[in-house]
Amino acid sequence: MSQGRFITFEGGEGAGKSTQLRRLVARLKAGGREVVATREPGGSPGAEDIRALVLRGAADRWSPVTETLLMYAARRDHVERVIRPALARGAWVVCDRFADSTRAYQGAAGGTAPELIAALESHILEGTRPDLTLIFDLPVSVGLERAHVRAGAEMRFESKGQAFHERLREGFLAIARAEPGRCAVIDAAGSLDEVEARVWAAVDDRLAVHG
Ligand code: Z5A
């Protein structure tokens, strides 16, 4: 059986991840692969229930540490029930946000101790790690503008303020600098087609997908 691959999309609000994830999934499927498109928080029925808790309500509804625990409760269920089984049967898993979002949102921007997050990663994920993480980078003001255009009920994080979002951007870039073998930074400015070409070039460069 061919080996599954695990790709994650990361970055701040409105960077275009969801739009580009759909495009990448279509191209990978056109190449004849089984592709599982999923997201966090969520991706399994139980994790989607936790998503509804964590993304709605006032910005201070949960503290960053409580958010961290909720994200990891959701992630464990998602990994056990969706991600690991898909990888085990040779599928490609493409996930909209994963563990780096906890490091950046709850850690770098929210102030949760990195030691706690590292311990959860180790004990909860037990080695399930992305083969490739695409970090979408965009000036904060542009991302928030785009996110407000698609505004809905899940706006807790958008409402956390400019300084939070600046720390968030730097947090993601710091992850990319620390793990260059796993992470590729995608310049998320420009047209949909321009960003898609950057995504495809990064995926082909790291995972050799070709046509
Ligand atoms: N969160 C967390 O705190 N800790 C964790 O561990 C995890 C998550 C896993 C839910 O994520 C929230 O959970 C998230 C972090 C937190 N914060 N919030 N909110 P989400 O994935 O549901 O929300 P999001 O990542 O912020 O989604 P988003 O705002 O929709 O951003 P996006 O997926 O990067 O962008 P998009 O939906 O593809 O595009 C947004 C809009 O911009 C849309 O109208 C597009 O048509 C438009 N767009 C996209 N690309 C372009 C270009 N190139 N030009 C112009 N306009 C564009």
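Me: What makes Glu-80 and Arg-76 a salt bridge?
Reply: This is a predicted model, and in it the closest N and O atoms of Glu-80 and Arg-76 are 2.6 Å apart. The cut-off is a Lys or Arg side-chain nitrogen within 4 Å of an Asp or Glu carboxyl oxygen, so the pair counts as a salt bridge.

Me: And why are Glu-80 and Arg-76 about one helical turn apart?
Reply: They sit 4 residues apart in helix 3. An α-helix has 3.6 residues a turn, so residues three or four places apart point the same way.

Me: Why is Glu-80 called partly exposed?
Reply: Its relative accessible area is 37%. Buried means under 20% and exposed means over 50%, so Glu-80 falls in between. Arg-76, with 24%, is partly exposed too.

Me: How do you know that helix 3 has a kink, and where is it?
Reply: Helix 3 covers residues 64-88, and the kink, about 50°, is centred on Val-79. That angle is taken between axes fitted to the seven residues ending there and the seven starting there. After helix 3 comes Gly-90, with a positive phi near 95°.

Me: What makes Arg-182 and Asp-100 a salt bridge?
Reply: Their closest N and O atoms are 2.7 Å apart, and the limit is 4 Å, so they qualify. Arg-182 is in the loop between helix 7 (162-178) and strand 5 (183-187), while Asp-100 is in helix 4 (residues 99-109), so the pair ties together parts that are 82 residues apart in sequence. Arg-182 and Asp-100 are both buried.

Me: Which parts does the salt bridge of Glu-179 and Arg-103 tie together?
Reply: The closest N and O atoms of that pair are 2.9 Å apart. Glu-179 belongs to the loop between helix 7 and strand 5 and Arg-103 to helix 4, so parts 76 residues apart in sequence are tied together. Glu-179 is partly exposed at 25% relative accessible area, and Arg-103 is partly exposed at 26%.

Me: What makes these pairs part of one network?
Reply: Shared partners do: the salt bridges join Asp-100, Arg-103, Glu-121, Glu-179 and Arg-182 into one network. A search of the whole structure finds 18 salt bridges.

Me: How do you know whether Ser-44 is buried or exposed?
Reply: Its relative accessible area is 1%, and buried means under 20%, so Ser-44 is buried. You'll find Ser-44 in the loop between strand 2 (35-39) and helix 2 (45-55). Leaving aside neighbours within four places in sequence, Ser-44 contacts Asp-77, His-78 and Val-82.

Me: Last one: how do you know that the radius of gyration agrees with a compact globule?
Reply: For 211 residues, a compact globule would have a value near 17 Å; the protein has 16 Å, so the two agree. Its C-alpha atoms fill a box of roughly 45 × 40 × 30 Å along the principal axes, and 48% of the residues count as buried. Among contacts between residues at least 6 apart in sequence, 77% join residues at least 24 apart.

Conventions:
Residues numbered from 1 in each chain as written. Predicted model: local features only at pLDDT ≥ 70, side-chain atom pairs only at ≥ 80, totals over all residues. Heavy atoms only, no water. Helix = DSSP H or I, 4+ residues; strand = E, 2+ residues; numbered from the N terminus. Buried < 20%, exposed > 50% of the residue type's maximum accessible area, 1.4 Å probe, protein only. Contact = heavy atoms within 4.5 Å. Rg over C-alpha atoms; globule rule 2.2 N^0.38 Å.
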